[in-house]
Amino acid sequence: MAAAIDGVLPATLQELVKKSKVLVVGAGGIGCEVLKNLVLSGFTDIEIIDLDTIDLSNLNRQFLFHREHVGKSKARVARESALSFNPDANITAYHDSVTSTDYGVNFFKKFDVVLSALDNRAARNHVNRMCLNADVPLIESGTSGYNGQVELIKRGLTQCYECTPKEKQRSFPGCTIRNTPSEPIHCIVWAKHLFNQLFGESVEDEDISPDAADPEAQEAAAEAKDTGAAGDAPDGLKEKESEPATANGNIVRINTRQWAKDCNYDAGKLFNKFFNEDINYLLRMSNLWKSRKAPVPVQWDTLLVDGAGSKGPELARQTHKIWSLEECAHVFANALKELSAAFLKLEGNDTLVWDKDDQPAMDFVAACANVRSHIFDIERKSRFEIKSMAGNIIPAIATTNAITAGISVLRAFSVLQAKWEQCKAVYARLRLNGRNQFLVPDAFFPAPNPNCYVCASDPAITLRIDTKRVQIKAFRDEVLIKTLNMVNPDVTVESTGSILISSEEGETECNEQKLLSDMNIVDGVILKCDDFFQSYELSIIISHFDAERDDVLFEVIADKNQLQPKEEKPEEPEAEPSSRKRAANGNDATDDGPSTSKRSRPTEVEDDDDDCLVVEDDDDAEEKVQESVEDTVAAATNKLTVDCPQKTATKRKPSKTLDDEDVEDITEILDSSDEEVVGPTKCKRTKLEETRAGEVINID
């Protein structure tokens with residue numbers, strides 16, 4: 001071990017390494033490499049936590065795991081493998097979620113440094129808050145494809161992980177997906193949900209049957225019931241005879257998977273169910289089609305009389321061709337045959353997992369999406385285009401993980417010695433930048449955001465919310481827990497001191513089904529939120545708005561100035577050269593740092609490490625609006641030559657602005673995919689704009 005051999009490390013650092021206590025959060029692609037590096041560097045007191053288990057797909061890049069470890073705890077197997085490098089090391093493994101209440105601020109306080117190797121934003125947000133409150137340095141790292149980053153987060157010195165809000169991802173109401181699609185992505189999402197309904201892990205929110213709870217359909221559904229039309233609902237939509245049609249607004253549905261099994265996965269019956277009977281049922285919801293073009297059902301017998309699926313394999317290879325309706329039916333039949341055969345071979349409750357690289361799974365989604373697009377008069381797409389839209393991902397690269405993990409441990413050395421100036425963020429890139437740099441450090445630490453709702457001295461946000469439609473329970477679950485990443489929030493009304501939400505079980509259960517407006521939570525009311533577990537307090541200023549049917553019901557605004565229209569700044573004729581942050585590519589830029597945004601995410605966070613990582617259009621390496629404008633002006637003026645004998649371009653002092661050949665942009669990368677664009681942006685200097693990956697879609 002390096003620390004055990006005199007002369008390998010400086011004497012002071014050698015002692016610090018031996019005495020330090022380190023926490024590694026995440027035992028995936030980066031976490032395995034970090035743990036290996038720590039042990040080989042001589043660290044002997046290490047704790048590692050990860051909730052995930054080892055999957056076969058992990059073995060190509062997580063080298064502490066082998067085939068015999070598949071299905072076992074990542075943290076525990078990583079510990080066992082790391083001990084083979086140094087049996088004398090004291091490594092404690094936790095097969096658990098880092099967001100569990102067992103790991104509070106006091107747990108984090110016992111460490112000298114925390115190394116984060118997570119791949120999802122919610123867990124990162126939580127670890128960020130724990131380390132801020134425990135005042136423990138956090139080394140945050142992440143990779144995506146061939147790009148990687150490492151940055152230090154230290155209270156009072158740097159931006160925290162949540163200092164800059166991210167652009168919200170596009171999300172669609174479930175009724176839009178099930179009833180009234182209007183874009184190709186709506187049909188693609190529906191097709192992926194159908195795959196899960198038949199063969200994958202079924203989720204209630206992903207039901208593909210027509211949604212009679214759609215507010216627009218309520219009147220028509222009531223009329224249909226009065227006339228007895230509801231009795232003609234297609235299979236899978238039959239109502240229970242012993243109950244009212246909509247006790248909670250939804251039709252009681254028969255299990256689609258079981259029905260398909262009972263039909264022996266007959267292609268014609270399934271096709272007619274999804275693309276004829278369900279569509280006819282939608283047509284009876286007449287209110288939906290008053291201002292929209294009505295869908296046109298498709299009948300299996302009119303498309304394929306015989307030889308169903310015989311042309312499927314040949315058509316599936318034509319990835320750039322937009323299939324006709326008949327060709328989609330062939331591909332559908334062939335894919336259904338292959339998927340059902342694979343599904344029936346599974347044991348117990350095992351299911352198939354949709355993968356864009358799985359031929360029949362991708363064929364099934366492409367065919368179903370295009371048939372549904374035809375029905376709703378939406379532009380059809382080629383299989384290649386649908387694959388891109390349905391699987392917006394980048395593969396994880398083992399070498400990038402190794403490089404990033406190595407930098408993380410080097411940063412840990414600097415942290416232990418309190419050499420903060422040597423802890424600036426570092427970005428790994430696939431190609432050399434204009435200065436022949438592969439590993440590009442930041443010029444300086446980005447200052448903490450004074451408006452950050454996590455690390456500011458008096459954190460506060462404005463919450464635009466429809467108080468007449470949001471219930472207390474939804475406010476707690478969707479806003480406080482999923483969006484603001486609290487764990488056990490308590491909420492009181494500042495003006496009256498009344499308790500709105502309590503973390504004590506059952507204390508405020510009677511409030512859960514009430515609307516915010518029913519509890520006098522209206523425009524201008526200030527709520528005081530406290531999460532004892534996270535040692536986190538936040539003031540929420542309510543700003544009511546009347547949301548339209550398809551609008552999101554709330555929006556978190558960390559900076560009150562965002563509520564006001566922006567005033568354009570007059571362009572200055574000359575800009576003084578100033579100290580500006582150097583982006584990963586060498587450009588002058590500001591690193592806004594990652595943060596939270598509204599997402600549909602489960603309360604309990606699992607630290608996954610998948611074969612492919614979801615890309616979320618990171619804003620971490622894009623410039624802030626105002627500084628981007630200033631930098632552009634500065635860059636332009638610095639390149640000017642003045643036709644004057646006293647001042648010529650050759651006599652100017654070197655500017656901090658790079659030459660054109662040095663200018664490239666880089667996107668800051670996080671393991672999960674992360675992240676996104678800050679607020680409304682006036683201009684962006686990026687040469688990668690045209691090739692940026694598409695958006696990731698979440699469904700409400």
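Helices (H or I, at least four residues) and strands (E, at least two) are taken here as DSSP runs, numbered from the N terminus. On that basis the secondary structure of the chain comes to 18 helices and 18 strands. The model is predicted, so local features need pLDDT of at least 70 and side-chain atom pairs count only at pLDDT 80 or more, while totals for chains, interfaces and linings use all residues. Residues are numbered from 1 along each chain as its sequence is written, and side-chain values use heavy atoms, with hydrogens and water left out.

Of its 700 residues, 54% count as buried, where buried means under 20% relative accessible area, exposed over 50%, and partly exposed in between (1.4 Å probe, protein chains only). Contact means heavy atoms within 4.5 Å. Among contacts between residues at least 6 apart in sequence, 73% join residues at least 24 apart.

Next comes a sheet. An open sheet is formed by 8 strands in the order β3-β2-β1-β4-β5-β6-β9-β10, with mixed pairing; two strands pair if DSSP finds at least two bridges between them. Strands β3 (90-94) and β10 (439-441) stand at the edges with a single partner strand each, so one side of each is left without a neighbour in the sheet. From one strand to the next, the twist averages 15°. Strands of a sheet pair through backbone hydrogen bonds, either parallel or antiparallel. Within this sheet, strand β1 (residues 21-25) and strand β4 (residues 113-116) run parallel and are joined by 4 bridges. V24 has L115 as its bridge partner in β4. Helix α16 packs on the sheet, where α16 touches β4, β5 (138-144), β6 (147-153), β9 (426-428) and β10. The direction of α16 makes about 165° with that of β5; axes are lines fitted to C-alpha atoms, for helices over the stretch in contact, and angles run from 0 to 180 degrees between N-to-C directions.

T404 is found in helix α16 (residues 398-416) and is buried, with a relative accessible area of 2%. Neighbours within four places in sequence aside, T404 is in contact with I30, S141, G142, T143, G148, Q149 and V150. K21, in strand β1, is also buried, at a relative accessible area of 17%. With neighbours within four places again left aside, the contacts of K21 are D45, E47, K110, F111, D112 and V113. K21 and F43 are 22 residues apart in sequence, and their C-alpha atoms are 7.9 Å apart in space.

Helix α3 (residues 74-83) is mostly covered, with 7 of its 10 residues buried. The buried residues of α3 are K74, A75, V77, A78, S81, A82 and L83. Their cover includes α2 (29-41), β2 (45-49) and β3.

Helix-to-helix packing can be followed at α14 (residues 359-375) and α15 (residues 383-390), whose axes come within 10 Å and cross at roughly 100°. On the α14 side the contact is made by Q359, M362, D363, V365, A366, A369 and N370, and on the α15 side by R383, I386 and K387. These residues divide into 5 nonpolar, 2 polar and 3 charged (Ala, Val, Leu, Ile, Met, Phe, Trp, Tyr, Cys and Pro count as nonpolar, Asp, Glu, Lys and Arg as charged, and the others, Gly among them, as polar).

Aromatic rings complete the account. Rings of Phe, Tyr and Trp (its six-membered ring) pair if their centres lie within 6.5 Å; planes under 30 degrees apart count as stacked, over 60 as edge-to-face and the rest as tilted. By this rule the count comes to 19 aromatic pairs. F107 and F111 form an edge-to-face pair, at 5.3 Å centre to centre and 70° between the planes. F107 is buried at 10% relative accessible area, and F111 is buried at 4%. F199 and F343 also pair edge-to-face, with 5.9 Å between centres and 70° between the planes. F199 lies in the loop between α7 (184-198) and α8 (218-226) and F343 in helix α13 (residues 325-344), so this pair ties together parts that are 144 residues apart in sequence. F199 is buried at 0% relative accessibility, and F343 is buried at 7%. One aromatic cluster is formed by W190, F195, F199, Y265, F271, F275, W300, F332, F343 and F364.
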